[in-house]
Amino acid sequence: MEGKSASCPEGVVSWYIRTSRLAVALAIIKLRPPGGARQFTESLAERLKRQDESWKSKAESLHEDLLHLRQELLLTRTLLNTRSCAGQAPDILCLAFTGQEIAKVLSQDDTREVNSGTLQTCLPPTPPNSQKVPPKDRQWRQDHRLTKHVQFLQRLSGLRSGFEESLCQDGDVVWDSVVQLLDCVVEDFRQAHTGQPLRHPEQLHNAIQVVAQTLSPGGARQGFPVQHFSRVEDLLKEMVKLLLTNQQLNAFSVQDSLSDCLLALGGNCCITRTPLIQLLMSQIIQLAQQLGDACEKSGEEHEHHQVDWVCYQNSFYLFWLLERLAQDTDNRVNQELVVQLETKAFPLADEFSLFSLYMWRIGGLFRAGDS
C-alpha cells in the first residue's frame with residue numbers, strides 16, 4: 001500500500017509534465033506564421049527595423065529639443081553679457097528679459113545681420129506654440145528645423161561682441177548647430193536626388209552662407225571640435241556624391257543649386273576650403289582611373305561597361321568648382337593630388353580629350369597658386 005501510494009504523486013507529476021508539453025506544442029503550432037519560418041523571420045526583422053528607426057527618430061527629436069534649449073540659454077547669456085558691458089545691470093536684465101521678451105529683444109538684432117533681409121523673406125513662418133504641437137508633415141518639420149538653426153546662428157552673429165567668447169566657452173553648442181544646419185541642407189538635396197522637387201533653393205543657399213559666416217571668424221579654425229569637423233567632412237563627401245550621381249529629370253536646377261552651395265562653403269570659409277578642394281580632386285582622380293582602365297580594354301563593349309557615364313557627365317561640375325576655388329590665393333592643397341591630376345591626364349588625351357584637358361588645366365591652376 002505504501003509503495004502504491006508513493007507512486008501516485010509521481011504519476012500525477014508526470015501527467016502534468018506531459019500535459020504542459022502538449023499545451024506548449026499546440027500553442028507553438030497555433031502561433032506558427034502561415035508563410036513558414038522564413039517569412040516569419042523576415043517579418044520579425046522588418047518589425048525590429050521599424051522599431052529601431054522609431055527609437056532613432058525619437059532620439060534625434062530629443063537631441064533637437066535639447067540643442068534648442070541650449071541655444072536659447074547661450075543667446076540669453078550672450079545678450080546679458082553684451083548689455084552688461086554697455087553699463088546695464090545684469091540682475092535687472094535677468095528679471096526683465098525672460099521667455100518671449102528675450103526672443104523679442106533678440107529679433108531686434110536681426111537688423112544688424114548680414115543678408116538678414118534676404119533670408120527672412122524665404123524662411124517658412126513659425127507658428128505659435130510650435131513646440132507643443134508635434135508637426136506631422138515631414139517637410140514642415142524639415143523647414144522648421146532649418147529655420148531655428150539659421151535664426152540662432154544669425155542672432156548669435158548679430159551679438160558680435162559676444163560671438164568670439166561664445167565660440168571659446170560654448171563652442172559645442174555653436175558647432176553642433178552648424179552641423180545640424182548643414183545636415184538640413186543636405187537632406188533637401190537627398191530628397192531631390194530621389195526625384196522630388198527642390199523647394200526654395202535660395203533658402204538653402206542662404207543657410208549655407210550662414211554656415212560659412214559662422215565658421216569664418218578668427219580663431220574658429222583652432223576651436224572646431226574634431227568630432228564635429230569629421231561630421232562636416234562626411235556631409236561634404238555626401239554633397240559631392242549627390243552632385244556626381246544625380247540622373248533625375250530635375251538634374252540641371254538641382255546641380256546648379258548644389259554647386260552654388262559647395263562653392264559658398266569652399267569660397268567663403270577657410271575651414272572647409274582645403275578639405276573640399278582635395279575631396280573634389282580625389283573624386284576626379286578616381287574617375288580618371290576608371291576611364292584609364294576603360295581605355296586599356298580592347299573592345300567597345302567592355303569600355304561601355306567600365307565607364308560610369310552619369311559620373312563622367314556630372315564631373316564637369318567638379319571641374320567648374322575647382323576652377324572657381326583656384327582663384328583664391330590662400331590654397332594649401334596637397335601637391336601629391338596635383339601631380340596625380342597631371343600624370344593621369346596624359347593617358348586620357350586620345351579617348352577623353354576634354355576631360356584630360358580640364359585635368360591638366362586644374363593641375364596647372366593649383367600648382368601656380370601654391371608657388
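**A walk through a helical chain**

H200 sits in the loop between helix 8 (171–193) and helix 9 (201–215). Helices here are DSSP runs of H or I with at least four residues, strands are runs of E with at least two, and both are numbered from the N terminus. The model is predicted, so local features need pLDDT of at least 70 and side-chain atom pairs count only at pLDDT 80 or more, while totals for chains, interfaces and linings use all residues. Residues are numbered from 1 along each chain as its sequence is written, and side-chain values use heavy atoms, with hydrogens and water left out.

Stay with H200 for a moment. H200 is not a glycine, yet its phi is positive, at about 55°. Most residues other than glycine have a negative phi. H200 counts as partly exposed, at 35% relative accessibility. The cut-offs are these: buried means under 20% relative accessible area, exposed means over 50%, and partly exposed lies in between (1.4 Å probe, protein chains only).

Now step back to the whole chain. Its secondary structure comes to 17 helices and 0 strands. Of its 371 residues, 40% are buried. Take the contacts with a separation of 6 or more: 79% of them join residues 24 or more positions apart. Contact means heavy atoms within 4.5 Å.

Next, look at the aromatic rings. The whole structure holds 12 aromatic pairs. Rings of Phe, Tyr and Trp (its six-membered ring) pair if their centres lie within 6.5 Å; planes under 30 degrees apart count as stacked, over 60 as edge-to-face and the rest as tilted. Why are F316 and F319 separated by about one helical turn? They are 3 residues apart in helix 15. F316 is partly exposed, with a relative accessible area of 23%. F319 is buried, at 0%.

F319 also pairs with F355. Their ring centres are 5.1 Å apart and their planes meet at 75°, so this pair is edge-to-face. F319 belongs to helix 15 and F355 to helix 17 (residues 353–370), so the pair ties together parts that are 36 residues apart in sequence. Both F319 and F355 are buried. Ring pairs also build a cluster, which links W309, Y312, F316, F319, F352, F355 and Y358.

Leaving out residues up to four places away in sequence, M359 touches several residues, including F319, I284 and L341.

Is Q313 buried or exposed? Q313 is in helix 15 (residues 309–325), and it counts as exposed at 55% relative accessibility. Q255 lies in helix 12 (residues 251–267), and counts as buried at 1%. The side chain of Q255 makes a polar contact with the side chain of N246, at 3.4 Å. A polar contact is a pair of N or O atoms within 3.5 Å; within protein, one must be able to donate a hydrogen and the other to accept it, and residues adjacent in sequence count only if both atoms are side-chain atoms. Beyond its neighbours within four places in sequence, Q255 is in contact with L242, L243, N246, N314 and Y317.
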